[in-house]
Amino acid sequence: MEEPKYAKWTIEGDKKTKWICGCFQTVDDYFKFCEKHNDTLKKAIQAQVDELDMTRIVEE
Ligand SMILES: [Zn+2]
């Protein structure tokens with residue numbers, strides 16, 4: 001119960017850096033990306049994960 005409330009407060013109340021496109025970073029290093037960059041960054045992160053061979057943990 002506590003966790004989502006805290007996360008929401010953090011995202012809405014405590015932005016540290018905000019970029020003109022809409023991406024922002026909060027004081028506790030949470031990143032939220034705008035629609036434009038979300039896809040690009042998701043792919044970049046996925047590429048890193050593949051490189052680290054971390055994709056085998058969850059099996060569906
Ligand atoms: Zn952006």
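Colleague: Thanks. Over how many bridges do E2 and E3 pair?

Modeller: Strand E2 covers residues 24-26. E2 and E3 pair in the antiparallel sense, and the number of bridges is two.

Colleague: And which residue stands opposite Phe24 in E2?

Modeller: For that one we turn to the pairing of E1 with E2, which run antiparallel and are joined by three bridges. The residue opposite Phe24 in E2 is Lys18.

Colleague: What is the strand order of the sheet, then?

Modeller: The sheet is open and has three strands, with antiparallel pairing. Strand E1 (15-18) and strand E3 (31-32) are the edge strands, each pairing on one side only. The order is therefore E1-E2-E3.

Colleague: How do the elements run from the N terminus on?

Modeller: The protein chain has two helices and three strands. From the N terminus on, the elements run α-β-β-β-α.

Colleague: Where is confidence lowest in the protein chain?

Modeller: The mean pLDDT of the protein chain is 75, and 67% of its residues reach 70 or more. Confidence is highest in E2, at 88. Where pLDDT is low, the predicted coordinates should not be read in detail. The lowest confidence, at a mean of 53, is in helix H1 (residues 2-13).

Colleague: What about the other helix: what distance separates the end C-alpha atoms of H2?

Modeller: Helix H2 takes in residues 35-52, which is 18 residues. At 1.5 Å a residue, H2 should span 26 Å. The end C-alpha atoms agree with that expectation, as they are 26 Å apart.

Colleague: How many of the residues of H2 are buried?

Modeller: Buried here calls for 20 or more other C-beta atoms within 10 Å. In the protein chain, 0% of the 60 residues count as buried. H2 lies largely in the open, because the number of its 18 residues that are buried is zero.

Colleague: Which residue follows H2?

Modeller: Most residues other than glycine have a negative phi. The residue that follows H2 has a positive phi, near 55°, and it is Asp53.

Colleague: Is Asp29 buried or exposed?

Modeller: Asp29 is found in the loop between E2 and E3. Asp29 is not a glycine, yet its phi is positive, at about 65°. Asp29 has 7, so it is exposed.

Colleague: How many C-beta neighbours does Phe31 have inside 10 Å?

Modeller: Phe31 lies in strand E3. The C-alpha atoms of Phe31 and Lys18 are separated by 9.9 Å, with the two residues 13 apart along the chain. Phe31 counts as exposed, and its C-beta neighbours inside 10 Å come to 11.

Colleague: What phi does Gly22 take?

Modeller: Gly22 has its place in the loop between E1 and E2, and it counts as partly exposed with 13 C-beta neighbours inside 10 Å. The C-alpha atoms of Gly22 and Phe33, eleven residues apart along the chain, are separated by 6.9 Å. The hairpin of E1 and E2 has five residues between the strands, and in it Gly22 takes a positive phi near 120°.

Colleague: One last thing: what distance separates the C-alpha atoms of Cys23 and Cys34?

Modeller: Cys23 is found in the loop between E1 and E2, and it is partly exposed, with 17 other C-beta atoms within 10 Å. Leaving aside neighbours within four places in sequence, Cys23 is in contact with Lys32, Phe33, Cys34 and His37. Cys23 and Cys34 are eleven residues apart along the chain, and their C-alpha atoms are separated by 4.8 Å.

Conventions
Residues are numbered from 1 along each chain as its sequence is written. This is a predicted model: local features need pLDDT of at least 70, side-chain atom pairs count only at pLDDT 80 or more; totals for chains, interfaces and linings use all residues. Helices (H or I, at least four residues) and strands (E, at least two) are DSSP runs, numbered from the N terminus. pLDDT is the predictor's confidence in each residue, from 0 to 100. A residue is buried if 20 or more other C-beta atoms lie within 10 Å of its own, exposed if 12 or fewer, and partly exposed in between; C-beta atoms are placed from the backbone. The expected span of a helix is 1.5 Å times one less than its number of residues. Two residues are in contact if their C-beta atoms, placed from the backbone, lie within 7 Å.
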